[in-house]
Amino acid sequence: MSKKSEKSLKNQSGLLTLCLYMDNPQHILTVDQGNTSAKLALWAPVENVGVPASARRRQCCAKLCIRGLTADDIQRVCREYNVSAAIWCSVSEREPLLLDALRQSCGNIIELTVDTPTPLAIDYTTPQTLGVDRLAAAVGAYTLPGARGRDILVSDLGTAITYDHVTASGRYVGGNIAPGIWMRLCALNHYTARLPQVETDGDTPLWGHDTASALRGGAINGVVAELEYYHSSLGDDAVVVLTGGAVKLVEGRLSFRPMIVPDLVSEGLEAIMAYNGL
């Protein structure tokens, strides 16, 4: 059994407690930089007796979310947790100061682009416009136990919702982008004269019995219907992998059992690092 120690970092998101494995002193770092916050994960090798080091899987031993990530944050994490390699994935504008801090702190880094080698072949006709977070999530889904060799529907239910198709042979076909549940509710309020703003939490029947439940039901059940449609188009054997903050609003309403992976992008980033020998 690995001996754990706890360390804490203080930053703009508050006090973060990390559990790290003392007998795995070097870690790799995955950074998923979103529009407002960054998800960082530290990974260490799993000790499997008789398995060559190159074939060992890694496990996530620490996660943190930082709003307003700075170069100081990156340098502190890399220094205190002995980061030997890192991968950077960002949906926002390229941030050279943060990337420079990452390079200076750990040396071996991958800045994820559509040209980065991954286990997937990309069939998207405009790959340069493909969000790297969608690519990382697709890789994360493809490398999940139980998903290889089957068609996969990957859906990230966030501010916007993405529906992506990965074939059983490992081809990223493409996908669709739709408004998220909260965005749908906000748009109905903003673009109409009398419809109120309602929250996602509350009574959500199949058929609304008042205006609030009709709006909530339309948004949530609409996403459920989209998931059902895309799943049926891929066949009953297809795997559905869900991630994102709105999963809890839809998972219990589906006619099939999805795989739910809260940190799917981070999982995909780690898989991409392993695929590139880091």
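This is a predicted model: local features need pLDDT of at least 70, side-chain atom pairs count only at pLDDT 80 or more; totals for chains, interfaces and linings use all residues.
Reader: Does Thr204 count as buried or exposed?

Author: A residue is called buried when its relative accessible area is under 20%. Thr204 has 10% relative accessibility, so Thr204 counts as buried.

Reader: Which backbone oxygen does the side chain of Thr204 reach?

Author: Neighbours within four places in sequence aside, Thr204 is in contact with Arg216, Gly217, Ile220, Asn221 and Arg253. Its side chain also reaches a backbone oxygen at 3.0 Å, and that oxygen belongs to Gly202.

Reader: Are helices H1 and H2 roughly parallel or roughly antiparallel to each other?

Author: Helix H1 covers residues 71-80 and helix H2 covers residues 96-106; their axes come within 9 Å and cross at roughly 20°. Angles under 35 degrees count as roughly parallel. H1 and H2 are therefore roughly parallel.

Reader: How many residues of the contact of H1 with H2 are nonpolar, polar and charged?

Author: From H1, the residues Ala71, Ile74, Gln75 and Cys78 take part, and they meet Leu97, Leu98, Ala101, Leu102, Gln104 and Ser105 in H2. These residues divide into seven nonpolar, three polar and no charged.

Reader: What percentage of the residues in the chain is buried?

Author: The secondary structure of the chain comes to seven helices and 13 strands. Of the 278 residues in the chain, the buried share is 45%.

Notes. Residues are numbered from 1 along each chain as its sequence is written. Side-chain values use heavy atoms; hydrogens and water are left out. Axes are lines fitted to C-alpha atoms, for helices over the stretch in contact, and angles run from 0 to 180 degrees between N-to-C directions. Helices (H or I, at least four residues) and strands (E, at least two) are DSSP runs, numbered from the N terminus. Angles under 35 degrees count as roughly parallel, over 145 as roughly antiparallel, 65 to 115 as roughly perpendicular and the rest as oblique. Contact means heavy atoms within 4.5 Å. Ala, Val, Leu, Ile, Met, Phe, Trp, Tyr, Cys and Pro count as nonpolar, Asp, Glu, Lys and Arg as charged, and the others, Gly among them, as polar. Buried means under 20% relative accessible area, exposed over 50%, partly exposed in between (1.4 Å probe, protein chains only). A polar contact is a pair of N or O atoms within 3.5 Å; within protein, one must be able to donate a hydrogen and the other to accept it, and residues adjacent in sequence count only if both atoms are side-chain atoms.
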